[in-house]
Amino acid sequence: MTPSVSSPRVGTNGDDSANNSTRMLALLHLSGGSATRAELTAQLGCGRSAAGYALTELVGRGLVRIDDRPGARSGTGPGRPSHLVEVAPSSPVALSVHLRVDTLDVAVVELGGRVLRVEREPVEARPDVASIFLRIGRLLRMLGREAGRPVAGVGVSMPSPVRSEDGYALQPRHLEWTGVPARDLVREGLDAAWPVHVGNDANLAALAEHRHGAGQGARQLLYVTTEHIGIGGALVTEGSVFGGARGYAMEVGHTSADPDGPRCSCGSRGCLELVADTRALMRAAYLPDTPVTGIGYRARVLMEAAERGDPTALAAVDEVATRLGVGLAGLVNLLDPDRIVLGGLLAKLLALGRTRITTELRERSFLERAVPVPVEVAALDSGALLGAAELALEPVLQARGEWSEASAAS
Ligand SMILES: [Zn+2]
């Protein structure tokens, strides 16, 4: 879905002043929106005067501010204290949408991945397409109006593979929708010419983890998550989301775990998501796996029971962790990741069933036995929401022509 998105260019040194300000902004963004001047200068590696020019340019464009009040100075070891550089309150924000099977979140996010405001509404079972996009439009118009900041664009996270060329959501199966032209429908609900970007939820969460969370610094980040039901996956390779030919790649949940298993909503049988998602965990504990609404909460209650040592809950965790480990082993053999990050319910499963998961990985993947891959818990609570914001903030970060302070202010 987002093959054109790559991590901000921060890795190359040089004295190209046109690039220094772009790189400095990227460094600030990846540092959570604030860093000392000394830290930014050291990471840029271009000398103090060139860094000073870059900073002056960013301040002049209203993107960053320097907090030089005495109390704001931050000591960085020996030498003079260094002023704090922060994202400016005049800088553009992203409006971000995360649609799940039971909730709709719309947020305002600024550079640095800081969520300034979130509005959450419940989503009913089998929601009507038109009414959901009407609600998205209403919330976006309200948040854009009340943000009091230039809006760089809108990023939308969909529980579906998303075609990269036009933001078409191929099949949001868990909403029981067929394909929807998500980008066009969001655009129709706006009263401003904000650019709209749409991506798959797992891909966006992976992008956010790579930039701001547990995936920072990984060369081949394999991310696997469950958003209440189903399993999503993504690969961030050398800073870019791997999208395949059309943007649909990495449907990890629909790799086959049992060829003769139960029928999946995708048309296949025995898919990984049927045996290792939230519903599978409920069934393994002899609990109902319907309705979908509220299943995330019920799964958390079950996990808490496992933490307290409840034998049925522990056996369910062990069973699902084993299946997840089997699935991950195949993915390690295919993708050669240097880090695996698990999100959502799978992160909780890792906390309780790490030994089972890593045992399956080791026994079933000879690559894993050669070079063990660290398996970590996702660090971000709202990864997909942040990842959607990354899409909208990308033109600001890359200083591309389609976004300018002038156009955003109009
Ligand atoms: Zn399937």
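Author: A donor of a metal ion is an N, O or S atom within 2.8 Å of that metal, and with this cut-off in hand we can begin at the zinc ion of this predicted model.

Reader: What makes His254, Cys264, Cys266 and Cys271 the protein donors of the zinc ion?

Author: The atoms concerned are ND1 of His254 and SG of Cys264, Cys266 and Cys271, which lie 2.0 to 2.3 Å from the zinc ion; since the limit is 2.8 Å, these atoms count as donors. Along the chain the donors follow the spacing H-x9-C-x1-C-x4-C. His254 and Cys266 both lie in the loop between strand E13 (240-241) and helix H7 (272-276), so this pair ties together parts that are twelve residues apart in sequence.

Reader: Why is the arrangement around the zinc ion called tetrahedral?

Author: Four donors count as tetrahedral if all angles lie between 85 and 135 degrees. The angles subtended by the four donor atoms here are 106 to 116 degrees, which makes the arrangement tetrahedral. For comparison, the ideal angle for four tetrahedral donors is 109.5 degrees.

Reader: Is Cys266 buried, exposed or partly exposed, and how do you know that?

Author: Buried means under 20% relative accessible area and exposed means over 50%, with partly exposed in between. Cys266 has a relative accessible area of 33%, so Cys266 is partly exposed.

Reader: What makes a set of residues a nonpolar core, and which residues have the most contacts inside the largest one?

Author: A core joins buried residues of kinds such as Val, Leu and Met through side-chain atoms within 4.5 Å. The largest nonpolar core has 72 residues, and those with the most contacts inside it are Val154, Met158 and Leu328. The largest share of this core, eleven residues, comes from helix H10 (residues 311-335), and the core draws at least three residues from each of domain 2 (93-204 + 383-409) and domain 3 (217-377). A second, separate core has 31 residues, among them Leu27, Ala51, Ala152 and Ala392. In soluble globular proteins, nonpolar side chains tend to be buried together.

Reader: How do you know whether the radius of gyration of the chain agrees with that of a compact globule?

Author: For 410 residues, a compact globule would have a radius of gyration near 22 Å, and the chain has 22 Å, so the two agree. The C-alpha atoms of the chain fill a box of roughly 65 × 50 × 40 Å along the principal axes, and 55% of the 410 residues count as buried.

Methods. Residues are numbered from 1 along each chain as its sequence is written. This is a predicted model: local features need pLDDT of at least 70, side-chain atom pairs count only at pLDDT 80 or more; totals for chains, interfaces and linings use all residues. Side-chain values use heavy atoms; hydrogens and water are left out. Buried means under 20% relative accessible area, exposed over 50%, partly exposed in between (1.4 Å probe, protein chains only). Helices (H or I, at least four residues) and strands (E, at least two) are DSSP runs, numbered from the N terminus. Domain bounds come from an automatic or database domain assignment. Donors are N, O and S atoms within 2.8 Å of the metal (3.2 Å for Na, K and Ca); water is not among the atoms, so sites may look incomplete. Four donors count as tetrahedral if all angles lie between 85 and 135 degrees; four count as square planar and six as octahedral if opposite donors are over 155 degrees apart and all others between 65 and 115; anything else is irregular. The radius of gyration is taken over C-alpha atoms; the globule rule is 2.2 Å times the number of residues to the power 0.38.
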